Amino acid sequence: MSSVCFYFQVHQPMRLRRYGIFDIGKDSNYFDEESKSNLNNKFIIEKVSKKCYLPTNQVLLDLIKKHPEFKVSFSLSGVFIEQLEKYAPETLDSFKRLVDTGNVELLSETYYHTLSFLYSKKEFKEQVLLHKDKINQVFGVTPSVFRNTELIYNNDVVKEVEEMGFKGILAEGVDRILGWRNSNFIYKPEGTEKIKLLLKNYRLSDDIAFRFSSKDWSEYPLTAEKFSNWVNDVNGNGEVINLFMDYETFGEHQWEDTGIFNFLRHLPEEVYKNKDNDFVTVSEAIDRYEPKDTLDVPHYISWADVERNLSAWLENDMQRDAAKKLYELESKVFSSGNNKIIEDWRRLQTSDHFYYMCTKWWNDGDVHKYFNPYESPYDAFITFINVLNDLKLRLINN
Amino acid sequence: MGSGDERIRVLMFGWEFPPFNSGGLGVACLGLTKAIVGENAEIIFVLPKKIDIKNSPVKLHFADSHLVNYKIIDSLISPYLTEDDFLKKRGNFGDYGMDLIDAVKLYALRAREIAKEENFNIIHAHDWLSFGAGIEAKKISGKPLIVHIHSTEFDRTGGTGINNEIYLLEKQGMEYADAIIAVSNFTKDVIISKYGIPPEKIQVVHNGIENKEETQKDQNKSDFFRIIKTNGGKIVIFVGRITIQKGPDYFLKSAKKVLEFCPNTFFIVAGSGDMQNQIIRQTAQLGISDRVLFSGFLRDEELNSLYKNADLFIMPSVSEPFGLTALEAMQHGTPVIVSKQSGVSEVVNHALKVDFWDTDELTNKIVSVLKNESLSSTLKSNSLNEVKTISWKNAAQKCVEIYKKILGQFKFFLKKKDK
C-alpha cells in the first residue's frame with residue numbers, strides 16, 4: 001500500500017514597508033507600503049490570490065468532487081489568514097469551502113510563522129495557542145498535528161510539541177538524519193512517548209515544487225503519468241509518500257503556462273490506477289501506520305536551502321543580531337500592556353524578515369533573490385532595525 | 001600559408017601608470033596591460049609624457065617586459081584635462097599658442113609616425129584624448145581599431161553642459177572604430193543614447209582589480225586616527241577628484257544629516273579638483289568645518305592607511321563609468337556605499353547602493369552602518385570574498401576575445417575584397 005500525503009504550506013509575511021531613519025519616532029505604521037512594489041502586502045495577496053490560491057483551490061474542490069476519497073492537508077499561518085480577512089475575503093471563503101468538504105486537514109503552527117522556539121519557549125507556546133484559536137474561530141476545526149515554521153525540527157522541538165498534546169509532527173527527510181532509512185515510513189522521535197513523525201520525501205516533493213518546469217532536467221516534462229509511476233515504485237519499500245511544499249508552487253512559483261494545474265488535475269486519476277494507492281491526510285497517515293524506527297535528531301534541521309539547517313535565517317551577523325535584539329525586548333513588550341506594541345513585536349518575529357537578510361544567496365541559486373522584496377539583504381536589515389528602534393521608542397514613551 | 005593563429009600584437013594608446021597617474025585611468029591601463037600580456041599578447045604601449053625619457057619608470061611594472069614595448073610621445077595631454085588645466089600647464093612649459101584640441105591633434109600626428117614604423121595587427125585606444133591617435137594609426141596601417149571608453153564627456157561634466165568639440169571627437173572615434181569597449185552597462189547605455197552608436201558594436205568589459213594580500217586593520221595608527229578611535233569616533237571617507245562628476249556636494253549634505261544621529265563622526269575628503277574651494281566654502285556654510293577634513297590627493301601608504309582606518313567608504317558619483325576606488329576600499333575590508341549611477345554597482349553585490357541625489361537614503365545607510373556593528377561586519381566579510389573574484393584576468397580575456405573576433409572579421413572582409 002502506498003499512501004500519498006499532500007501537505008501545503010500557505011503563508012505570506014507582513015513585509016515591512018520602506019522605513020528609513022527619518023521615520024523613527026514619527027511613524028509607527030510599519031506594514032502598509034503604498035507603492036505598487038513587492039513590499040505592498042495588499043498587492044501581493046491580491047496577485048497571489050489570482051494566480052495561485054483561487055485557481056488551485058478550485059482544482060482541489062473539483063478533484064474532491066470527482067474523487068470523494070482524495071485528501072490533502074494545509075497549514076495556514078495566522079498572519080496569512082489575517083491578511084486574507086483584510087484584503088481578500090473571497091479567497092478566505094474558498095479555503096473555508098475546502099475545509100468544509102471534510103477532506104482537508106488543517107495543521108497547527110505558530111501564529112506569526114516565527115523562529116520563537118529558538119528564542120523563547122513561552123512565546124512559542126503562546127503563538128501556537130493563538131493560532132489554534134484562530135483556526136477554530138475561522139474554520140471551526142481544531143488541529144491535532146503540528147508543523148514548525150519552515151519544518152524547523154529537532155528532539156527538543158518534538159518533546160515540547162508532544163507535551164502540548166499533539167499526536168504528530170512534520171519534518172524534512174534529510175539524508176543525514178535518515179542514514180539507511182527512507183522517508184516513506186512513520187517514525188518515533190527519540191525521547192518521546194506517542195507522537196509520530198512524518199518526513200518529507202524531498203526528491204518527489206521537489207520534482208514538483210522546483211524541477212517541474214526546468215528544461216535542463218532530464219525528466220522534463222513531468223507528466224501525471226510519469227509521477228504516478230514513481231509513486232508506484234515506492235510500493236514495497238514504504239507506506240506513505242509525503243509530498244510537502246509551498247502552496248504557491250501552483251501558479252506562483254510554477255506559472256500556469258508550465259502546465260502545473262493540468263498536472264495537479266490529472267495526478268489523482270493516474271495514482272488511483274494502481275488499486276494499492278490512495279491519498280491520505282496527515283492525521284490519517286499517523287492513525288493508520290506504525291513507526292518503523294526511532295529517529296534521533298539532536299541538531300536543528302529545516303526544509304530550507306541545500307544545507308537544510310537554520311542558515312537561511314540565522315547565518316550572518318546581521319540576522320543573529322536582529323533576532324537577538326528583537327527577542328531581548330520580550331519582557332518589556334509584555335509589561336507595556338499595550339496590545340498594539342505586542343502585536344507589532346510579534347509581526348516582526350515572522351521568519352521571512354530574517355530570510356530577507358540572508359547573504360548566502362549569490363552562491364545558492366537565486367531562490368533567495370527571487371523571494372526578496374528588498375533591493376538587497378542589507379536593505380532588509382536596515383529597514384528591520386529602523387522599525388525595531390521605533391518600537392523601542394514606543395516602549396519608552398508608553 | 002598564413003596560419004589563423006597569428007600572434008596578437010596590440011598598438012595601445014594608453015596613459016601614465018601609477019605613481020604618475022591622477023586617477024583610475026592610469027590604474028586601469030596598468031592592470032589591463034599586465035593581464036593582456038599574461039594572455040600572451042604583445043603590446044606596444046604608447047603614451048604622452050612631458051618628461052625626460054631616461055628616467056622612465058614604466059618597465060618596473062612588468063615581469064614579462066619583453067612583451068611590452070614603450071613609445072613615449074612628447075605631449076602635454078593627460079587624463080581628466082580640462083581646457084583651463086591645459087592652458088595653465090601649457091604656460092609652465094612655455095608651449096604658447098596651442099590649445100587642448102591642437103595638442104590632441106599634434107599627438108595624433110606623432111602617433112602616425114609610430115604606426116608607420118611598428119609591426120602590430122590591432123589598435124586599442126583608451127579614452128577620447130587618444131582617439132585621434134587611434135584613427136591616424138588605423139588610416140596609415142589599415143589595421144582595425146578598438147576604442148575603450150572609460151568615461152564620456154557627459155560623465156566628466158556631470159550634467160552641467162558638455163564641450164561640443166570634445167563630444168564630436170569622442171563620437172568620431174566611436175564611429176571610426178571597428179569595436180567599442182565600454183567599462184560598464186551604464187557607459188554602454190550612454191554610448192547608445194548620447195552618441196547614437198548601435199548596441200551590437202559595443203562590448204562591456206568591467207574593470208578588475210589587482211589581488212592583494214589581506215591586511216589587518218592598521219596597527220600603527222597615526223595619532224590622528226588613534227585619537228578618533230579611542231574616543232569612539234567614526235570615520236567616513238570620500239576618495240576621488242573633487243569635481244561635479246564625483247558628487248562631493250551630496251557627500252557633504254549627507255554628512256550634515258548624519259551628524260544629527262552620530263555626532264562623533266569625522267568625514268574625510270581625499271582628493272583634489274576644480275570644485276575644491278566651493279566644497280570647502282560649503283562645509284563652512286553648513287557649520288560642519290570641524291567634522292569634515294580635506295587631506296588632498298593621497299596615494300600608496302597614506303591612501304591605504306585611510307582605507308584601513310575608515311569605518312565606511314562613500315562614492316556618491318553623479319555619473320561614474322566604473323569606480324575602481326570602491327573595489328580598493330572593499331579590498332581593505334571597508335564597507336562601501338556606491339551610487340546606483342556607477343559601473344561598479346553592476347559588479348558588486350556586497351555593497352550598499354543609493355541614487356546619488358537621495359541624500360536622505362544615503363544618510364539612512366551611513367547611520368545604519370555606523371550604528372550597527374553586525375551590518376558592518378557582514379558587509380566586510382562578504383565584500384572581502386567578493387572582491388577576490390573580480391580580476392583583471394577576466395577583463396583581459398574578454399579583450400583578447402574581442403581582438404580575435406575583430407581580427408577574424410577583418411580577415412574575412414579582406415579576403416572578400418581580394419576576390
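Predicted model: local features only at pLDDT ≥ 70, side-chain atom pairs only at ≥ 80, totals over all residues.
**Chain A, overall**

I started with contact range: in chain A, residues 24 or more positions apart account for 76% of the contacts with a separation of 6 or more.

Next I counted elements, and chain A has 18 helices and 10 strands. I then looked up burial, and 51% of the 398 residues of chain A count as buried. For overall dimensions, I find that the C-alpha trace of chain A spans about 65 × 45 × 45 Å along its principal axes.

Why call chain A compact? I checked the radius of gyration: a compact globule of 398 residues would have one near 21 Å, and chain A has 21 Å, so the two agree.

I followed one open sheet in chain A, made of 3 strands in the order 4-5-7, with parallel pairing. Strand 4 (145-146) and strand 7 (196-200) of chain A are its edges; each has a single partner strand, so one side of each has no neighbour in the sheet. Between strand 4 and strand 5 (residues 168-172) of chain A I get 2 bridges, and these strands run parallel. I also picked out a bridge pair: Val145(A) has Gly168(A), in strand 5 of chain A, as its partner.

**Chain A, helix 15**

Which residues of helix 15 (residues 339-347) of chain A are buried? My list reads Asp344(A), Trp345(A), Arg346(A) and Arg347(A). I wanted to know what sits over them, and the cover includes helix 2 (78-87), helix 14 (330-336) and helix 18 (377-397) of chain A.

**Chain B, the parallel sheet**

Over to chain B, where I traced an open sheet of 6 strands in the order 10-9-8-11-12-13, again with parallel pairing. At its edges I have strand 10 (292-294) and strand 13 of chain B, each pairing on one side only. Neighbouring strands in this sheet are turned by 20° against each other on average, ignoring direction.

Inside the sheet I looked at strand 8 (residues 234-239) and strand 11 (residues 312-315) of chain B: they run parallel and are joined by 2 bridges. Opposite Ile237(B) I find Phe313(B), in strand 11 of chain B.

**Chain B, Thr265**

I stopped at Thr265(B), which lies in strand 9 (residues 265-270) of chain B. Is Thr265(B) buried or exposed? I put it down as buried, because it has 21 C-beta neighbours inside 10 Å and the cut-off is 20 or more.

Setting aside neighbours within four places in sequence, I looked up what Thr265(B) touches: Gly233(B), Lys234(B), Val236(B), Val258(B), Leu259(B), Arg291(B) and Leu370(B). I also took one distance from here: Asp355(B) is 90 residues away from Thr265(B) in sequence and 23 Å away in space, C-alpha to C-alpha.

**Where B meets A**

Last stop, the interface. I get 18 residues of chain B in contact with 14 residues of chain A. On the chain B side, the elements giving two or more residues are strand 13 (352-354), helix 14 (359-371) and helix 15 (373-388) of chain B. Which element of chain B gives the most to this side? Helix 14 of chain B does, with 7 residues. I sorted the chain B side by residue type too, and it splits into 5 nonpolar, 9 polar and 4 charged.

Technical notes:
Residues numbered from 1 in each chain as written. Chains lettered and ligands numbered in written order. Contact = placed C-beta atoms within 7 Å. Helix = DSSP H or I, 4+ residues; strand = E, 2+ residues; numbered from the N terminus. Nonpolar A, V, L, I, M, F, W, Y, C, P; charged D, E, K, R; others polar. Pairing = 2+ DSSP bridges. Axes fitted to C-alpha atoms, helices over the stretch in contact; angles between N-to-C directions. Rg over C-alpha atoms; globule rule 2.2 N^0.38 Å. Buried ≥ 20, exposed ≤ 12 C-beta atoms within 10 Å, placed from the backbone.
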